[in-house]
Every structure is written in structure tokens, then in C-alpha cells.
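Subject: Structure for your files

Hello,

Here is the structure I said I would pass on. My notes on it follow below.

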Amino acid sequence: MGSTLSALFSSAENGAGPATAALFSALYAELHRLAGRQLARNAPGATLGATSLLHEAYLDMAGREGASFPDRARFLGYASRVMRGLIIDYVRQRKAQKRGGLFEITSLDGNESAPAAPDRELDRLSDALDELAGVDPELAQLVDLKYFCGFTFAEIAALRSVSERTVQRDWAKARLVLHGALSAA
């Protein structure tokens, strides 16, 4: 299986379109667990299921040009980032519906009420992670793998072929950067 995955990553890196689909199929069980963890952590009680999230992520990933997956860690990081974005969009839409987002409310005098504000916490977190990805993509990927996917430090260290202590130091750095970004906003 390891050599098969290596060949798939190599094909995907070289731009072979079907390679992404084959990677997705080969890692389906792991991606399904990842989707379940993302939903449990970020959208508890959501009506969106892990399988639906996974399939939406696949459609999103398959439709993007120029995405490269040189190794398992980057593929899983990219998949988790796509799933995080889909969950954030889902939660925003759901909260908008709860606040009457599907209805236009007017008063008797004809003045329209202001639309409900978007969930600021999700926006701030998403913006801070996007900003971190622009500065240090490795740290942003670490946050996706640890916080959103629920991987342990040992699992992330194995994915990245580094020591667990290196991952812990990077995690501390990422937390400081995100805390600063969220405090400043």
C-alpha cells in the first residue's frame, strides 16, 4: 500500500487528473474519520454527516486546478482545510436560517430590519488561519491537522517525518500567532 500511495502522490504532483481521485479512494477510510472528527469538534449536532462532508470536499478538491499533493501530510492538510471551509460555510448558513435569513421581515411602516450579523467568531478564526497560511503554510497546516482533524502530536510527527517535540514547538508557535491575530481583531 505504501508504494502504491507514493506512486499516486507522484502522479498527482505531476498533474495527472485521475490521480487525485485515486488518492481520495485509497485514503477514503482515513478521510471519512477525519470528516467525522471535524464535524464532532466544529459542528456538534449538525445535520451534515461525515459522508456528505467528505463527498462535498472531494467535489471541491477535484474541481480545483493547480493543487499539488507531494505527500500524505500535505494531502490530508489540504483535505482538512477544504472540510474546515465547508463546515464554516455550513454553520454560517444554518445560523443565518435560524435568524430568519430565508425571510424578509418588514414592519408595518415599511422599514426593513437589518440582516443578522454573520458569526464573528468563525469569521475571525477563518481569517486568522488564512493569514497564518500566507505567512507560514506549515504552521497553518499543523493547526488544521491538530485542532480541526484531531490528530495527536505523535501522528503529526509521523506524517511530517519530524520529532514529536518539533511538532509541539511548532504548535506553541502557531497558538501564539493565532492568539495575537485574534486578540488584535
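Which residues in α8 are buried? They are Phe-153, Ile-156, Ala-157, Leu-159 and Arg-160, where buried means under 20% relative accessible area, exposed over 50% and partly exposed in between, with a 1.4 Å probe and protein chains only. These residues lie on the same side of α8, because they cover an arc of only 160 degrees around the axis, the arc being that of the directions from the helix axis to the C-beta atoms.

Before the rest, the basis. This is a predicted model, in which local features need pLDDT of at least 70 and side-chain atom pairs count only at pLDDT 80 or more, while totals for chains, interfaces and linings use all residues. Residues are numbered from 1 along each chain as its sequence is written, and side-chain values use heavy atoms, with hydrogens and water left out.

Overall, the protein has nine helices and zero strands; helices (H or I, at least four residues) and strands (E, at least two) are DSSP runs, numbered from the N terminus. Of its 185 residues, 35% are buried.

Back to α8. The axes of α8 (residues 153–160) and α9 (residues 164–184) come within 8 Å and cross at roughly 110 degrees. Axes here are lines fitted to C-alpha atoms, for helices over the stretch in contact, and angles run from 0 to 180 degrees between N-to-C directions. In α8, Phe-153, Ala-154, Ile-156, Ala-157 and Arg-160 meet Glu-164, Val-167, Gln-168, Asp-170 and Trp-171 in α9, contact meaning heavy atoms within 4.5 Å. Ser-161, which follows α8, has a positive phi, near 60 degrees.

Arg-160 also touches Glu-138, as does Arg-74, not counting residues up to four places from Glu-138 in sequence. Glu-138 lies in helix α7 (residues 137–148) and counts as partly exposed, at 36% relative accessibility.

The largest nonpolar core has 45 residues; such a core is a set of buried Ala, Val, Leu, Ile, Met, Phe, Trp, Tyr and Cys residues joined through side-chain atoms within 4.5 Å. Leu-31, Phe-75, Leu-76, Met-83 and Val-143 touch the most other members. Helix α5 (residues 72–98) gives the largest share, ten residues. Beyond four places in sequence, the contacts of Leu-76 include Leu-31, Phe-151 and Leu-159.

Regards
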